[in-house]
Amino acid sequence: MSKETIQNELEKILSSMKRQQLRSGPASVELRKDRLQRCIKLIRDNHKAIASAMSEDFGHRSLYQSYVADMVTTSKMLQHAIDNLETWMKTEQTASPDPEMRTEIQFQPLGVVGVISPWNFPINLAFGPLAGVFAAGNSAMLKPSELTPKTSDLLAELVARYFGPEELTVVLGDADVGQAFSHLPFDHLVFTGSTAVGKHVMRAAADNLVPVTLELGGKSPVMVAKGADLSKAVERTLTIKSFNAGQICLSPDYVLLPTEQAQAFKDQAREFMGKTFPSIQENTDYTAIINERHYQRLVDLLEDARQKGGEIINLAPQNEPAYDASSRKIAPHLVIGATDDMAIMQEEIFGPLLPIRLYQEEDEAIQYINQHPRPLAAYYFNEDSTAQQAFAQQTTSGALVINDVMTHVSIDELPFGGVGASGMGAYHGIHGFRQFSHAKAVVVQSETGASNLRLRAPYADKQAAVDAFFNH
């Protein structure tokens, strides 16, 4: 199918959905709740089939990780929207300049929202945005990743079973389809993926002045302050770095560590990983790398760091390989003494490799963070509340988590989003509802119409009030 044909077919689908949206009018609170509930039902009724499809796509993916991160968390996010929807939808009364004038903000659906979701969490990063999209009364077109074909095919089948085509439509296809999708005149477009692709999506959306929510990635730092609880930092950082084999946009991408703690970090990392994953290659708890290309990319990053003087610490169990092409499983690795000339410090890793950049003074570490693109999240380990506040003020990131890693993403009251190169816009909870709503200003003029009369000629008798304002 030619690119022009693909574009035309997608435009027909979108036009049909927009027409239906206009005919039906704003979705009632009951319909919005029903759509959210059907999302939950789709996930709950089919959780085993979905987890199995994801595992096949990855080569092997931990079922527990799929259940917890992709389905339980997402179901709770959708339920949170159901529980709070009526409060979110209330018209917001505002102060007016005249006691007889009424001013308020009404939240209206935008229309049809496009969602481009990635491969690493195929359910969470599809239905997470949809929680806000449906809560706000919109319909949606979803383009899941071609890198998880079995999951995407199953998702298309299930969505068609639980939703009418005017409510939610799944579009399948490769990069050409994704490119055509991003050129459609949606009322809003959500993209989750890399910063490089995000730039192309934003350019495409600009042709139709489509507002975008970009959930990108980047290199999220972990700073371990001097005097921090090192065992806490090691265990909590490596817990997330090994979850989904580090294939998470919020995964810690590098550690800033006091030079004198390098050996202790290595020792504690070995001990912790030995307890957590006594085996890796045959361990059903440990997830494979998504495909051969990404597997080889990660192996090449390690080799490049080795050649440029990095100390490579393989955290695989004894008598197991560091990595195996047949299973596409790569054991967690530390790269001690990481430097900026290494490729591993120049791109988002998206795998179980953890560079350790050593520092002498804490100001040096904070300066390093601030000299690089703003990350999706920053993680800071320090028990001192004054130092915590100082770090929060001195650095800018999509989110900040103190003494833990990635905790914020499962708290629905908090906005999830990036800043600068790590993204724009945020969703989750009420932040998603408002992101995918139009906040319309409404004024009901007073009986006297004072503000209108102020602008009516002749002006001579009104000039005194203006003079008084400037002479005050």
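Author: Two strands pair if DSSP finds at least two bridges between them. Keep that in mind here, since this is a predicted model.

Reader: What is the strand order in the open sheet of seven strands?

Author: The order is S10-S13-S14-S9-S8-S15-S16, and the pairing is mixed.

Reader: Which strands stand at the edges?

Author: Strand S10 (311–314) and strand S16 (400–402) do. Each has a single partner strand, so one side of each lacks a neighbour in the sheet. From one strand to the next, the twist averages 20°.

Reader: How many bridges join S9 to S14?

Author: Four, between S9 (residues 254–258) and S14 (residues 353–359). These two strands run parallel. Val 255 has Ile 356 in S14 as its bridge partner.

Reader: Which strands does helix H10 lie across?

Author: H10 (residues 262–276) lies across S9, S10, S13 (333–336) and S14. Against S13, the helix runs at about 175°.

Reader: Now the helices. At what angle do H2 and H4 pack?

Author: Angles over 145 degrees count as roughly antiparallel. H2 (residues 29–45) and H4 (residues 63–89) pack at about 170°, with axes 9 Å apart. That angle makes H2 roughly antiparallel to H4.

Reader: Which residues make the contact?

Author: On H2, they include Val 29, Leu 36, Ile 40 and Ile 43. On H4, Met 71, Leu 78, Ile 82 and Leu 85 are among them. Charged residues take part too, including Arg 32 of H2 and Glu 86 of H4.

Reader: How many residues of each class are in the contact of H2 with H4?

Author: Eleven are nonpolar, four polar and four charged.

Key. Residues are numbered from 1 along each chain as its sequence is written. This is a predicted model: local features need pLDDT of at least 70, side-chain atom pairs count only at pLDDT 80 or more; totals for chains, interfaces and linings use all residues. Side-chain values use heavy atoms; hydrogens and water are left out. Axes are lines fitted to C-alpha atoms, for helices over the stretch in contact, and angles run from 0 to 180 degrees between N-to-C directions. Angles under 35 degrees count as roughly parallel, over 145 as roughly antiparallel, 65 to 115 as roughly perpendicular and the rest as oblique. Contact means heavy atoms within 4.5 Å.
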